[in-house]
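Please read the following points with the structure in view.

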Amino acid sequence: MAALIRVEELTKVYRMGDQELHALDGVSMEIASGEFVAIMGTSGSGKSTLMNVLGCLDRPTSGKYFLGDKEISRLSVNELADIRSHTIGFVFQNFNLLARTSAQENAELPLVYAGASSKDRKAKAKRALERVGLGKRLDHMPSQLSGGQQQRVAIARAIVNDPRLILADEPTGALDSRTTVEVMALMQELGKSGITVVVVTHEPDVAAYAERVIVVKDGKIVEDRRQTPEEAVHSQPPTSGAPT
Amino acid sequence: MSPFATLRIALRALLRNKMRSFLTMLGIIIGVGAVIAMVAIGEGAKAQVEASFAAMGTNLLIVLPGASSGGGASGGFGSQPTLTWDDLKAIQNECPAVRVASPALRSNAQIVSEEQNWSTGITGTTPEYFDVRSWPMAKGVSITAADNDGGAKVVVLGQTVVGKLWGPNADPIGQTVRIKNIPFEVIGVAASKGQSPTGQDYDDVAFIPVNTYLAKIQGGLKKYLSGTIFVGANSAGDVGRAELEVQALLRERHHLQPGDDDDFSVRNLAEIAGAQQAGTQTLTTLLASVAAVSLLVGGIGIMNIMLVSVTERTREIGTRMAVGAKPRQILAQFLVEALVLSVFGGLVGVALGMLASQRLAAQFGWPTLIRPDVTIIAVVFSAIVGVGFGLYPARKASRLDPIQALRFE
């Protein structure tokens with residue numbers, strides 16, 4: 001399989017006074033298209049910095065980052081925004097949905113900045129919400145949805161513009177174990193549909209659902225292993241459960 | 001991203017906090033409303049002054065006889081007759097800037113109709129007087145040169161006198177009234193002129209030919225003209241020149257040496273009107289400035305709320321950036337929010353200001369004067385205030401680091 005992500009000797013140095021902090025210290029790796037990867041590490045290991053660079057939210061101090069066939073480590077802020085808009089979908093620990101805004105409109109958000117027409121936005125957002133099993137809750141506000149449902153709205157938002165890469169930062173950190181399974185099942189499903197999924201987590205339980213685990217420590221990759229993923233079993237495909 | 005989409009996002013954000021948006025707008029509403037109402041008040045006062053001076057007559061000079069002084073006490077202008085009938089003729093004939101000059105001799109007398117009587121000022125004058133004072137007839141005809149030459153016993157009445165003798169809408173033409181027991185035929189009713197700048201009723205008058213006045217009211221022709229001379233200049237631009245000409249002529253005729261005080265007074269109404277107008281203009285400017293300050297304060301209110309909003313919505317900004325919003329799109333969103341607050345507030349302020357102006361105008365009996373230019377300036381100014389004070393918070397929002405913003409608690 002062709003590599004979607006290839007990084008070479010990535011470093012990220014933060015200067016604090018006269019001290020240098022190497023958040024990334026020569027990271028090289030490849031992630032193939034459609035792979036489901038978990039990046040693990042303790043807090044301060046550099047996994048968040050790696051995720052920010054992979055997500056085009058941050059630029060490395062040195063090294064190269066190829067996303068698809070494009071070298072993007074030196075792109076401008078606006079060019080990075082374009083890449084985030086068209087290639088990457090984000091899922092956050094605390095959902096980051098817009099308050100008092102319907103599921104439909106939350107899911108539409110990336111399309112607004114991608115310049116899609118209103119009609120196009122509505123249709124795509126509806127399809128994405130149906131895909132995460134919330135087709136009947138388009139008009140619900142985040143406050144009317146359970147945590148798991150809110151995270152599914154966020155996943156719908158991440159996939160609405162057909163990204164090639166989903167980056168999930170502790171996506172189950174705010175969820176209970178039952179909804180964790182639901183959300184991870186959804187992630188696996190997306191992986192099987194050909195989207196590359198990268199989950200950043202410090203929980204081995206969550207990493208168990210991935211086909212590959214990369215462990216980061218002190219800004220370096222210390223372990224990179226493939227595994228048979230645990231199948232996330234849920235009673236039903238995540239059709240909308242009642243809000244808790 | 002289309003401007004329409006940006007506007008929609010901004011409107012959504014504002015509607016999410018309706019009370020806050022309204023209170024922020026209130027600053028602009030009051031500011032713009034105050035500017036419009038204050039300027040309307042100033043303009044109304046100005047129009048009032050202008051109207052009362054216009055009623056005096058246009059291009060008008062009034063020549064008053066000089067002051068008497070006896071035993072060190074000065075009697076004031078008009079107390080001593082120093083103007084002569086020859087002075088009048090000389091002004092008429094020898095001053096190129098003077099179009100027409102007319103005497104006005106005045107005394108109080110009782111006018112008696114068949115049923116009523118009324119005491120008013122009887123003015124003896126010439127036909128030119130009505131021309132100098134731009135005073136048309138409402139009914140009937142004016143005094144003619146023939147009336148004057150023949151000493152005709154005819155009278156032109158003011159509207160107030162007609163009202164007192166016969167009732168407000170009566171037609172007294174052809175009626176006979178008695179003044180000092182002499183019968184006069186009413187030949188005309190002068191159009192209503194309203195009030196003088198000092199509140200005197202212009203319409204409480206009766207005019208008779210000056211020769212009739214001299215023969216019947218004052219008694220006999222005298223050398224001195226015991227009244228005032230109304231002088232009409234050729235044009236508005238000639239008023240100043242006419243004033244100097246009349247002054248020089250009278251000084252020469254009265255044999256005044258250089259250094260002597262004038263024994264007469266020439267009043268230039270345009271000058272007095274100008275001074276009055278400058279006064280009301282100052283008032284308008286002052287009122288508008290105070291109102292503009294309140295508009296500025298409204299703008300600061302917008303900045304304050306936008307700053308709070310940016311801080312409060314840091315996570316939202318981070319999320320928008322993460323899903324692909326560019327800094328300038330974030331900038332546009334917050335700028336448009338500020339702009340919507342200020343422009344909408346401005347428009348509501350215009351409506352409120354107009355309402356207030358109308359109420360105030362009705363209260364003071366002024367014409368309602370909403371100046372369109374001021375209205376447009378107020379709205380444009382409020383938009384500028386919105387952009388000006390919205391720019392800093394919007395820039396702050398657009399420069400947020402998405403990573404920091406997403407982590408913001």
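1. A residue is called buried under 20% relative accessible area, exposed over 50%, and partly exposed in between, with a 1.4 Å probe and protein chains only. A:Phe95, at a relative accessible area of 10%, is therefore buried. Its phi is near 65°, a positive value in a residue other than glycine.

2. This is a predicted model, in which local features need pLDDT of at least 70 and side-chain atom pairs count only at pLDDT 80 or more, while totals for chains, interfaces and linings use all residues. Residues are numbered from 1 along each chain as its sequence is written, chains are lettered from A and ligands numbered from 1 in the order in which they are written, and side-chain values use heavy atoms, leaving out hydrogens and water.

3. A:Arg100 also has a positive phi, of about 50°, although it is not a glycine. A:Arg100 is exposed, at 55% relative accessibility.

4. Rings of Phe, Tyr and Trp (its six-membered ring) pair if their centres lie within 6.5 Å; planes under 30 degrees apart are stacked, over 60 edge-to-face, the rest tilted. Over all chains there are 6 aromatic pairs. B:Tyr129 and B:Phe230 have ring centres 5.1 Å apart and planes at 75°, so they are edge-to-face. B:Tyr129 is buried at 4%, and B:Phe230 at 9%.

5. A charge sits over a ring if NZ of Lys or CZ of Arg is within 6 Å of the ring centre and within 35 degrees of the ring normal. The charged end of A:Arg6 is placed over the ring of A:Phe66, 4.3 Å from its centre.
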